[in-house]
Amino acid sequence: MSINAMRFVWTIEAGPDGLPLTSTEKFILLALADNAGDDGQNAYPAVETIARKCALSSRAVRINIPNMIQSGMIVDTGYMLSGVNVYRIRADSHPTPPETP
């Protein structure tokens, strides 16, 4: 568990596209951060683990992770550990959305 990675995720308000994160995306990022190193790398929880931690269905996780990879929120490192994909949270790709009046 990485408190630093989780603390970082709590500060993220928007994805790389500038759109606000959905609650599902935020929960999945938190679950990944909970399993990552302090630098947001080497997160490899199983889909079922993410689903359980986030009170989501496995299907919802399987749908959102590829979308999050495509948008640049997370990176699939191409590695697998114990049959599970290894992800990295992209700390450099999360802008703060513009303030609303």
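1. Start with Val 84. This residue lies in strand S2. The model is a predicted one. Is Val 84 buried or exposed? Val 84 is buried, because its relative accessible area is 17% and the cut-off for buried is under 20%.

2. Now look at what surrounds Val 84. Setting aside residues up to four places away in sequence, Val 84 touches Tyr 44, Pro 45, Ala 46 and Tyr 79. Take Ala 46 from that list. Along the chain, Val 84 and Ala 46 are 38 residues apart.

3. Step back to the whole protein. The model has four helices and two strands. Read from the N terminus, the order of elements is α-α-α-α-β-β. There are 101 residues, and 40% of them count as buried. Consider the contacts between residues at least 6 apart in sequence: 52% of these join residues at least 24 apart.

4. Move to strand S1, where Val 75 has its place. Val 75 counts as partly exposed, because its relative accessibility is 23% and buried requires under 20%. Leaving out neighbours within four places in sequence, Val 75 is in contact with Val 86, Tyr 87, Arg 88 and Arg 90. Tyr 87 is 12 residues from Val 75 along the chain. The C-alpha atoms of these two residues are 5.5 Å apart.

5. Check the loop between S1 and S2. Ser 82 is found there. Its phi is positive, about 55 degrees, although Ser 82 is not a glycine. Ser 82 is also exposed, with a relative accessible area of 79%.

6. Compare the loop between H2 and H3. Which residue there deserves a look? Asn 42 sits in this loop. Phi of Asn 42 is near 60 degrees, a positive value in a residue other than glycine. Asn 42 is partly exposed, because its relative accessible area of 48% lies between the 20% and 50% cut-offs.

7. Next, helix H2, residues 23-34. What span should its 12 residues have? At 1.5 Å a residue, they should span 16 Å. The end C-alpha atoms of H2 are 16 Å apart, so the model agrees.

8. H2 is mostly covered. Of its 12 residues, 10 are buried. They are Thr 24, Glu 25, Lys 26, Ile 28, Leu 29, Leu 30, Ala 31, Leu 32, Ala 33 and Asp 34. Note that charged residues are on this list, including Glu 25 and Lys 26. What do the buried residues of H2 pack against? Their partners are helix H1 (3-11), H3, H4, S1 and S2.

9. Look closely at H2 against H3, residues 47-54. The two helices pack at an angle of about 120 degrees, and their axes are 9 Å apart. The crossing is right-handed. From H2, the residues in the contact are Phe 27, Ile 28, Ala 31, Leu 32 and Asp 34. From H3, they are Ile 50, Lys 53 and Cys 54. By class, this contact has six nonpolar, two charged and no polar residues.

10. Then helix H4, residues 58-71. Its 14 residues should span 20 Å at 1.5 Å a residue. The end C-alpha atoms of H4 are 20 Å apart, so expectation and model agree.

11. Which residues of H4 are buried? They are Ala 60, Val 61, Asn 64, Ile 65 and Met 68. These residues cover an arc of only 125 degrees around the axis, so they are on the same side of H4. An α-helix has 3.6 residues a turn, so residues three or four places apart point the same way.

12. The face away from its buried side carries the exposed residues Arg 59 and Gln 70. What covers the buried residues of H4? The cover includes H2, H3, strand S1 (74-81) and strand S2 (84-89).

13. Finish at the end of H4. Gly 72 follows this helix. Its phi is positive, near 95 degrees.

Definitions and conventions:
Residues numbered from 1 in each chain as written. Predicted model: local features only at pLDDT ≥ 70, side-chain atom pairs only at ≥ 80, totals over all residues. Heavy atoms only, no water. Axes fitted to C-alpha atoms, helices over the stretch in contact; angles between N-to-C directions. Left-handed = near helix turned anticlockwise from the far one by under 90°. Contact = heavy atoms within 4.5 Å. Expected span 1.5 Å × (residues − 1). Buried < 20%, exposed > 50% of the residue type's maximum accessible area, 1.4 Å probe, protein only. Arc of directions from axis to C-beta.
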